[in-house]
Amino acid sequence: YFRCDGDGKWIHRGLMLGTLAIVHDGSYMPKVDRSVCSAAFMIYCTRTKMCAKGAVVESTADADNYRAEILEGIMVQFVLQAASQNRACPYVTTQIDCNNRGVVQHGNTPKWALQAKKVQDDVLSCLKRQIMYLPFSVDCQWVPSHQGDHQKWNELTLREKMNVIVDRQAKLALIARVV
């Protein structure tokens with residue numbers, strides 16, 4: 001699913017002003033179904049308070065947590081590409097938060113070739129290509145996962161709160177697909 005407040009033009013403005021908080025997360029629950037993984041993301045504008053959320057579920061023999069984490073990054077890239085069609089705009093570097101260090105590393109090095117053939121290279125190469133085609137730079141940052149389990153909600157940063165939300169979204173999407 002994809003839900004976006006307003007007409008989405010706020011995402012484009014947020015890319016130029018640097019007012020977007022972007023977080024994504026994935027889910028893989030082999031005890032529920034070994035062949036399904038899911039991903040969710042949230043884009044929030046700190047200026048307008050508008051939000052876009054989305055989730056996707058994939059059924060594949062290659063399902064695992066890493067694939068889910070990569071899928072979420074691809075989803076965010078599709079939204080950012082759609083919002084930045086006017087390449088003449090003065091965009092700022094955009095921070096994207098993820099709780100998987102491998103996805104963060106690949107997101108920050110999109111031009112680096114993949115090393116040895118690995119199971120998730122199909123989605124990983126897609127993520128890297130999408131990042132390279134953006135008309136602005138991205139700065140992928142690691143955000144700790146499951147902070148809501150250790151801290152009170154009001155003690156969490158905005159990005160940690162968003163990570164809790166998208167983690168829940170990804171899990172619910174996976175369960176909805178299996179049930």
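Is cysteine 98 buried or exposed? Cysteine 98 is buried, with a relative accessible area of 2%; buried means under 20%, exposed over 50%, and partly exposed anything in between (1.4 Å probe, protein chains only).

## Before we start

This is a predicted model, in which local features need pLDDT of at least 70 and side-chain atom pairs count only at pLDDT 80 or more, while totals for chains, interfaces and linings use all residues. Residues are numbered from 1 along each chain as its sequence is written, and side-chain values use heavy atoms, with hydrogens and water left out.

## The cysteines

How many disulfides does the structure hold? It holds zero, taking a disulfide as a pair of cysteine sulfur atoms within 2.5 Å. For cysteine 98, the nearest cysteine sulfur belongs to cysteine 140 and is 7.7 Å away.

Cysteine 45 is in no disulfide either: the nearest cysteine sulfur, that of cysteine 51, sits 10 Å away. With 1% relative accessibility, cysteine 45 counts as buried.

## Helix against helix

Two packed helices are described by the angle between their axes and the distance between those axes. Helices (H or I, at least four residues) and strands (E, at least two) are DSSP runs, numbered from the N terminus. Axes are lines fitted to C-alpha atoms, for helices over the stretch in contact, and angles run from 0 to 180 degrees between N-to-C directions.

Take helix α1 (residues 9-17) and α2 to begin with: their axes come within 9 Å and cross at roughly 90°. The two are therefore roughly perpendicular to each other (under 35 degrees is roughly parallel, over 145 roughly antiparallel, 65 to 115 roughly perpendicular, and the rest oblique). On the α1 side, the contact (heavy atoms within 4.5 Å) is made by Ile11, His12 and Leu15, and on the α2 side by Val79, Leu80 and Ala83. Sorted by class, that gives five nonpolar, one polar and no charged residues. Here Ala, Val, Leu, Ile, Met, Phe, Trp, Tyr, Cys and Pro count as nonpolar, Asp, Glu, Lys and Arg as charged, and the others, Gly among them, as polar.

Now for helix α2 (residues 65-83) with helix α3 (residues 101-108), whose axes come within 9 Å and cross at roughly 40°. That makes α2 oblique to α3. Tyr66, Glu69 and Ile70 of α2 meet Gly102, Val103 and His106 of α3. This contact has three nonpolar, two polar and one charged residues.

## Two residues and their contacts

Threonine 94 is part of strand β5 (residues 94-98). At 5% relative accessibility, threonine 94 counts as buried. Leaving out residues up to four places away in sequence, threonine 94 touches Leu15, Ile22, Phe136, Ser137, Val138 and Asp139.

Isoleucine 165 belongs to helix α5 (residues 158-178). Isoleucine 165 and methionine 42 are 123 residues apart in sequence, with 8.3 Å from C-alpha to C-alpha.

## Out in the loops

Lysine 49 lies in the loop between β3 (36-45) and β4 (51-59). At 52% relative accessibility, lysine 49 counts as exposed. Its phi is near 65°, a positive value in a residue other than glycine.

Histidine 150 lies in the loop between β6 (138-142) and α5. Histidine 150 is exposed, with a relative accessible area of 63%.
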